[in-house]
Amino acid sequence: MCGIAGLYAPGQAPVDRATLYRQCGTIRHRGPDSDGVLTDGDFGFGMRRLSIIDMAGSDQPIVSEDGAHAIVFNGEIYNYRGLRDELRALGHRFHTAGDTEVILAAWREWGEAAWARLDGMFGVAIWDARARRLTLARDAIGIKPLYYTWQDGRLAFGSELKTILAVPGLRFDPDERAVHDYFSFGHVRGPRSIYAQVAMLPPGHLLELDPDAEPRTRAFWTARYTPAAPRSAEEWTAQFRDTWQDTVRSQMLAADTDVGAFLSGGVDSSAVVAAMARVSDRPIKTFTIGFAERAYDESPYAEAVARHLGCDHRTHYIDPKRAWTILPQIQQAYDEPFADPSAIPTWYVSEAAAQEVKVVLSGDGGDELFFGYKRHLTEQKLGRLPGAMRRALRGFADLPPLPWGPGNRRLQRWQKTARSAGLPDGGTRFFAKTQITSPELRRRLFAGTRLEGRDGDGALLALAAEHAPDMRAISASDLEQFAMLDLQLNLPGAMLTKVDRASMAHSLEVRVPMLSREVVALALSMPEDVKLRGGVGKYPVRAAIAPWLPPGILDRRKQGFQLPLAEWFRDDFGSYARELWTGTGVATSGFLNARAVDALFDEHRSGRRDHSRPLYALALFCLWWQARP
């Protein structure tokens with residue numbers, strides 16, 4: 001793993017270096033004056049580094065020449081060379097060849113305006129020794145995590161929850177709202193963490209702490225739609241193609257080591273590898289997870305793309321029927337319950353890639369930016385229906401279960417859409433569509449517990465109002481409202497969390513060119529009828545890369561990392577999950593109704609309903625529960 005960690009207790013006893021070492025983990029010692037941590041009385045921080053840029057130098061913390069400021073930084077900045085040249089012209093001197101020193105100089109020169117000038121992913125801590133001020137900052141989209149807690153006049157922070165859990169004397173109580181979020185969406189919604197006393201710094205935000213005040217946070221960047229001058233779909237496609245190639249080239253060059261790629265054969269990963277192949281003078285190393293069962297196997301498509309582009313390709317096969325056996329190890333890396341089953345293949349592909357490279361590029365973010373999910377097409381269709389017709393569809397949600405399993409699974413998907421149809425705007429329907437459990441099911445699960453009463457008729461409206469008080473301020477378009485919340489909430493909370501934890505557990509850095517500053521700006525300026533055109537999502541991405549790929553590769557149905565969850569819970573994994581439920585103490589925790597959970601197991605095993613997603617969430621919650629402090 002790598003990341004940053006620190007502790008600031010204004011006016012209290014000097015920070016104990018042993019505590020910093022526990023926070024940072026095993027840090028390589030580099031001599032008596034540079035041993036991986038810095039302490040300054042009541043403040044201290046440190047860093048455990050995965051060397052990608054300036055591998056022989058740029059050891060952290062880095063201190064300014066005058067000793068006034070120090071920095072630790074987790075992530076990568078891709079435009080650091082251009083910023084360094086600009087700062088040199090302004091009189092700054094550099095003693096390393098890396099990006100960390102550039103961040104510090106940019107902050108000293110431009111202050112808060114520096115953060116929006118960084119193109120990359122970052123969790124940063126800067127210490128001002130003269131003002132005794134700590135500044136934390138997190139990248140605009142939330143690619144890199146940054147947690148903090150403020151207790152008893154002490155601020156502890158770190159890239160992972162475990163760095164904060166290592167600080168003695170702090171309290172860590174499960175947060176009821178976070179637990180409810182988890183069983184609603186499969187992950188904890190930021191800025192909360194699973195612990196009531198710990199928060200995550202939101203994307204595009206900074207936190208400052210002075211010696212005589214409490215922490216204060218504010219945004220330095222917020223995603224907004226910025227419509228550009230009208231142009232044709234072909235012109236948008238050409239602009240994306242040029243921007244994309246420049247972005248991929250920049251992210252490949254910002255490394256002093258080989259850069260590989262995850263390749264599924266889908267649109268986004270194929271776009272990444274195709275652009276890499278065009279700018280590289282050597283075959284790109286690509287990595288895919290394959291399954292023996294055809295229903296779950298995308299590897300033939302990835303292999304076709306790899307052959308066409310001349311990649312040095314690896315397919316690593318796993319047995320989906322046994323993949324669940326690695327769950328305890330995965331849950332330990334995530335620190336809080338995380339119920340996306342695609343974390344399993346992501347774990348395996350990260351493990352495989354880390355054996356050969358230190359850096360890979362991934363296609364994450366394309367669906368959120370360019371409306372590539374099926375739910376975006378559904379939202380477009382719903383948004384065009386008259387309100388009365390949408391409200392009438394809700395009656396479909398009350399149909400009883402069908403007598404056969406596969407039909408029931410399809411019925412449950414349709415009912416999920418029907419429940420959301422009558423809601424007043426795209427943002428509220430976003431919350432309805434991204435749930436892994438229905439409100440009706442949660443009312444059963446939480447009956448008589450401390451979470452009872454959170455799923456009333458107005459719960460989704462209240463949730464939407466909390467995150468977006470003025471939905472029309474996002475856009476007049478229901479689809480753009482929906483997609484903006486996908487970008488702001490689901491992307492950092494689910495997709496990016498999944499990839500960051502799985503890759504960092506294997507000391508692998510994953511870069512996401514779709515979330516570069518230029519690509520994000522382009523996507524937010526592009527009309528929705530270009531991004532989702534003729535019923536096809538990610539139209540400009542597809543059109544831009546189609547000439548680079550084998551014929552027909554972009555025409556297949558979106559699949560993603562799928563696992564046989566429904567079958568798992570009727571087989572060995574179902575027995576294992578039930579043992580976790582009864583043996584870890586969750587059954588008596590007061591969070592879940594034991595009778596309702598037992599009924600879920602029975603209904604699923606009989607085939608009456610598919611409860612694989614809530615039962616998977618339950619299993620991961622149990623693993624977290626038994627390992628919590």
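Contact means heavy atoms within 4.5 Å. Helices are DSSP runs (H or I, at least four residues), numbered from the N terminus. The model is predicted: local features need pLDDT of at least 70, side-chain atom pairs count only at pLDDT 80 or more, and totals for chains, interfaces and linings use all residues. Residue numbers start from 1 along each chain as its sequence is written, and side-chain values use heavy atoms, without hydrogens and water.

From α25, F573, Y576, A577, L580 and W581 touch Y616, L618, A619, C622, L623 and Q626 of α27. These residues split into 10 nonpolar, one polar and no charged. Here Ala, Val, Leu, Ile, Met, Phe, Trp, Tyr, Cys and Pro count as nonpolar, Asp, Glu, Lys and Arg as charged, and the others, Gly among them, as polar.

## Contacts of α10 with α27

Helix α10 (residues 327-334) packs on helix α27 (residues 612-627) at about 70°, with axes 9 Å apart. Axes are lines fitted to C-alpha atoms over the stretch in contact, and angles run from 0 to 180 degrees between N-to-C directions. L327, P328 and Q331 of α10 meet Y616, L620, L623 and W624 of α27. That contact has six nonpolar, one polar and no charged residues.

## Cysteines

The disulfide count is zero (a pair of cysteine sulfur atoms within 2.5 Å would qualify). C24 is buried, at 9% relative accessible area. C622 is also buried, at 0%. Buried means under 20% relative accessible area, exposed over 50%, and partly exposed in between (1.4 Å probe, protein chains only).

Definitions and conventions: Helices (H or I, at least four residues) and strands (E, at least two) are DSSP runs, numbered from the N terminus.
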